[in-house]
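Here is a short briefing to read alongside the model. Take a look at the structure first, and then we can walk through it topic by topic.

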Amino acid sequence: MIFGLSIIFILTSILTVAGALAAALLKNLVHCALSLTVTFAGLALLYLQLDAQFAGFSQILVYIGAVAILVVFAILLTRGSGIPEYRNFSTSWFAGLAIAAGIFALLAWAVLKSLPTSVASAAPQVTVQQIGLALMSSYVLPLEIVAVLLTVALIGAVIVAMPESRDPKSNSTQGGAE
Amino acid sequence: MKISSAFWTNLDQVFVLLQHWIEGFFPQWLQPAIGTVLAVVAIVAAFPGIFALTTVLERKGLGRIQNRLGPNRVGPLGILQPIADGIKSLTKEDIVPLTADAAVHFLAPVVLVIAVFLGFAVLPVGRNMVLVNLDAGLLFFFAIGASTELSIFMAGWSSRNKYSLLGAMRAVAQMISYEVPLLLSSVVAVMITGSLSTVKIVEAQSGFTGILPHWYVFTPWGFAGFVLFVIAALAETNRSPFDLPEGESELVAGYFTEYSGFKFALFFLGEYLAMFSIAGFAITLFLGGWGAPLSILGFIPSWAWFFAKLLAGILFFIWLRGTLPRLRQDQLMNFAWKFMLPMSLLNLLVAGAWRFLGDGWSRWVVCSAVLLVAYVLLGRVLMHHQHLGARSYRYAE
């Protein structure tokens, strides 16, 4: 216990913050993406320390398994992954700093406002089954809306990826699969 | 009779008793930690042991299938071959390409092996034999499995080699595509059990009707789910016929082209361990885990059943590798999105119908008929649109 924080919490927080700093400061874009993955893993560990198994595992499944892969794919398919020729510090750094400080202030204000007045008792035990039941009963409408949104996104992606001209004649003469 | 039943019970729990016996030598407050360390050591020792056995089995088996002898020089019938292989890979020079990204190149095999070993934590290998009984055990396994994709990308990208990068891109695309049917086909077992805990899934299958077991594979939705799961598992572990990422005839060796010495051995180990863990989960989800296949065989220890089933699964994978030709990239993707995904989604509906149709023979008829009709129709439609001719290229002509 240091400053009332457990050693495991301090280690995972250092890992998370270090990953985030590396993601912002490293020059090679793929290194940045990989450091961001370390941050995702650190966040998952923090969730697991709070006994939020479902949130922690979902964080790993979605962010490390899908989002990180998407990021590296996007980097590789667009600009290449070498060290960029231009300088890392652009001229609009002041605006970036102001926006970052503003967002930090907003989040800090929100966190401070939502702090409980008294020290919370034992954390509530939430099982995966309870989460599932809640999603299927009281939160079924948001769940359905998200499902529709994702389906629309999926169909949109397929339409974007489809070849522009669907000429039936050339299709049948060429044969073969696409 | 009483003595013999006690003997079989003790034999069933022999590893658990051994763990408690060793724990007894340590002070009370240290015992949980020691117990965990012992279980981890057992996992880290047992599965690489099976890996060594599998390399010989695979090389001998493929040799038989391809009408040649296979390794037969080291030890009697060549069974000491893995020791020779291990010494060779330990003593070989570790070559890192000059332009490679040294740090990422080093980390990739390490991340892969760590992630794969973590997956064994929630695998029940026997009665009371699971490292951690997580409430969301299955989710943990899939989350860990998803993070191995990143290590494959790291290996391919950091090598600065066209073949490595192409292999890694293929591997990641394939693993992401087949992860969807893999997850969806395992959801049916979760739906019927009502729990994500691997231990509870095995317990739900432990009953018997007469002498026949209540394994999920013996139901229509369970059979369809099992077949879909095994196909997706083959693709997820880059095994033949889905071994495009390392197709040696086109990509040298795919993402580990630039690895040598022990790092290459780590990739090899990681791939085989991933195969064991995913086969172990197929057994847990559909084949009754550590349960005996007939009620009269219940006296044989639970761990023996698990490892016997695992070995049978490995032999099946080796047999498939020796039999089937490799798929083409477009066939692979078509198969994943046009056949596996609709079938696994339909299987979810069928499992729901099974749950609500109540006991009786009607649910057997309805569920089997729906799955069979869908299978035939999907096959017909797919084959109808599959113009099997020369490949047409969109960009490379």
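In chain B, helix 3 and helix 4 are roughly perpendicular to each other, a label for angles of 65 to 115 degrees (under 35 would be roughly parallel, over 145 roughly antiparallel, and the rest oblique). The axes of helix 3 (residues 31–65) and helix 4 (residues 81–91) of chain B come within 9 Å and cross at roughly 110°. Please keep in mind that this is a predicted model, in which local features need pLDDT of at least 70 and side-chain atom pairs count only at pLDDT 80 or more, while totals for chains, interfaces and linings use all residues. Residues are numbered from 1 along each chain as its sequence is written, with chains lettered from A and ligands numbered from 1 in the order in which they are written.

**The helix 3 and helix 4 contact in chain B**

- Helix 3 of chain B contributes Ala52(B), Thr55(B) and Val56(B), and helix 4 of chain B contributes Gln81(B), Pro82(B) and Asp85(B); a contact has C-beta atoms, placed from the backbone, within 7 Å.
- By class, this contact of helix 3 with helix 4 of chain B has three nonpolar, two polar and one charged residues. Nonpolar covers Ala, Val, Leu, Ile, Met, Phe, Trp, Tyr, Cys and Pro, charged covers Asp, Glu, Lys and Arg, and the others, Gly among them, are polar.

**Two asparagines with positive phi**

- Most residues other than glycine have a negative phi.
- Asn67(B) has a positive phi, near 65°, and sits in the loop between helix 3 and helix 4 of chain B. With 6 C-beta neighbours inside 10 Å, Asn67(B) counts as exposed (12 or fewer; buried is 20 or more, partly exposed in between).
- Asn238(B) also has a positive phi, near 55°, in the loop between helix 9 (220–236) and helix 10 (248–251) of chain B. Asn238(B) is buried, with 23 other C-beta atoms within 10 Å.

**Chain B overall**

- Chain B has 14 helices and two strands, taken as DSSP runs (helices H or I, at least four residues; strands E, at least two).
- The radius of gyration of chain B, over C-alpha atoms, is 23 Å, close to the 21 Å from the globule rule for 397 residues, so chain B is as compact as a globular protein of that length (the rule is 2.2 Å times the number of residues to the power 0.38).
- Of the 397 residues of chain B, 41% count as buried.

**Domains of chain A**

- Chain A is divided into domain 1 (1–82) and domain 2 (125–163), and their C-alpha centres lie 24 Å apart.

Conventions: Axes fitted to C-alpha atoms, helices over the stretch in contact; angles between N-to-C directions. Contact = placed C-beta atoms within 7 Å. Domains from an automatic or database assignment.
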